Amino acid sequence: MPFARLNRATTPTSHIGLGLAAVGRPGYITPHRDQDLPGERGVDALRARTHELLDAAYAQGVRYFDAARSYGRAEEFIAEWLAAHPEATDVVIGSKWGYTYTADWRVDAETHEVKDHGLATFERQHAETAGLLGDRLDLYQIHSVTADSPALSDKSLHARLAELAAGGTTVGFSVSGPGQSDAIRAAVAVTVDGEPLFRTVQATYNALDISAGAALAEAHDAGLTVIVKEAVANGRLAGTEAPAVVREIGAEAGLDADAVALALVLHQPWAGVVLSGAVTATQLAANLHAPLLDLEPDRLDRLAALVEEPEAYWRHRASLPWS
């Protein structure tokens, strides 16, 4: 598995990855984007911002970069960065298929992405990804699988994914929504010729929604690498948006709230890679201080009081505007 490269790394930041959902396209569902991004969000401006983040992340020890077909031009931006940095042979590149970007570089688009987990969509999107990333693609994930997703029962798709895996690309899946645990367990059970199909799972886990924790521990025990997304809950656990207790714990340690949020996820024994969704170099630097935080029992207890019911958490997330 390509994640063996991460397992050999010894720097504290090697298990923090950089996710590009918020910089590969002009619109996303996090607050204060008008403050964090250039006033003009054309392709060139976001290309420059993405390359700046990739430079900073690599220089500070980050070795996993995460994209998706639906993240606007994120794959293109990574491919350009890789071409300009032939020395960066130790990075792991992951992407996802299953959503098609439809916003046409507009923030006010009525529909930003369309989901389809069919074999035809896989074939089309894999060709598009391969055309950009070639043999630098290490991990290809089904984007936002649910327990009832046709991707979990389509034998033709499974055979094609197994073929991809046999060629050296790790195959994984991501999940979202209040039913993450059911989706994780259903996907872990998928086999081809008696062998597990998926080797990684990417899920949401943070101080507000810990509901997938038990299923992620089971996936880890089954041999999957766990990647955690939305550790700062789409900005709800960062900056002035963060609950007082998160900011207080950060102040006690001389860290920002977002570092506290990431530290809680890094504290989980099953967490293999935790994604930063930073959109500025300053945010990234703050995120990368997360390994410095000692989460003693008292701090864990204080953070535990923040947990919400999964349905409430995901209703709130669904209400976030694209900006």
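# Briefing: salt bridges and a helix pair

Asp 298 forms a salt bridge with Arg 302, and the closest N and O atoms of this pair lie 3.4 Å apart. The structure is a predicted model, and a search of the whole of it finds 20 salt bridges. This briefing takes up several of those pairs and then turns to the contact between helices α7 and α8, whose axes come within 8 Å.

- Asp 298 and Arg 302 are four residues apart in helix α12, so about one helical turn separates them.
- Asp 298 is partly exposed, with a relative accessible area of 44%, and Arg 302 is also partly exposed, with a relative accessible area of 23%.
- Elsewhere, salt bridges that share partners join Asp 44, Arg 47, Arg 73, Glu 76 and Glu 80 into one network.

**Other salt bridges**

- Side chains of opposite charge can pair when their charged atoms come close.
- Arg 299 forms a salt bridge with Glu 252, with 3.3 Å between the closest N and O atoms.
- This pair links distant parts of the chain, since Arg 299 belongs to helix α12 (residues 297-304) and Glu 252 to helix α9 (residues 244-253), 47 residues apart.
- Arg 299 counts as buried at 10% relative accessibility, whereas Glu 252, at 44%, counts as partly exposed.
- Arg 69 forms a salt bridge with Glu 75, the closest N and O atoms being 2.4 Å apart.
- Arg 69 counts as buried because its relative accessibility, 16%, is under 20%, and Glu 75 is buried with a relative accessible area of 2%.

**Helices α7 and α8**

- The axes of helix α7 (residues 180-188) and helix α8 (residues 213-221) cross at roughly 15°, and because angles under 35 degrees count as roughly parallel, α7 is roughly parallel to α8.
- The crossing of these two helices, α7 and α8, is left-handed.
- On the α7 side the contact is made by Ser 181, Ile 184, Arg 185 and Val 188, and on the α8 side by Ala 214, Ala 215, Leu 216, Glu 218 and Ala 219.

**Ala 219 in helix α8**

- Ala 219 lies in helix α8 and is buried, with a relative accessible area of 1%.
- Leaving aside neighbours within four places in sequence, Ala 219 is in contact with Ile 184, Val 188, Val 201 and Leu 224.
- Ala 219 and Val 188 are 31 residues apart in sequence, while in space their C-alpha atoms are 6.7 Å apart.

Technical notes
Residues numbered from 1 in each chain as written. Predicted model: local features only at pLDDT ≥ 70, side-chain atom pairs only at ≥ 80, totals over all residues. Heavy atoms only, no water. Axes fitted to C-alpha atoms, helices over the stretch in contact; angles between N-to-C directions. Parallel < 35°, antiparallel > 145°, perpendicular 65-115°, else oblique. Left-handed = near helix turned anticlockwise from the far one by under 90°. Contact = heavy atoms within 4.5 Å. Buried < 20%, exposed > 50% of the residue type's maximum accessible area, 1.4 Å probe, protein only. Salt bridge = Lys/Arg side-chain N within 4 Å of Asp/Glu carboxyl O.
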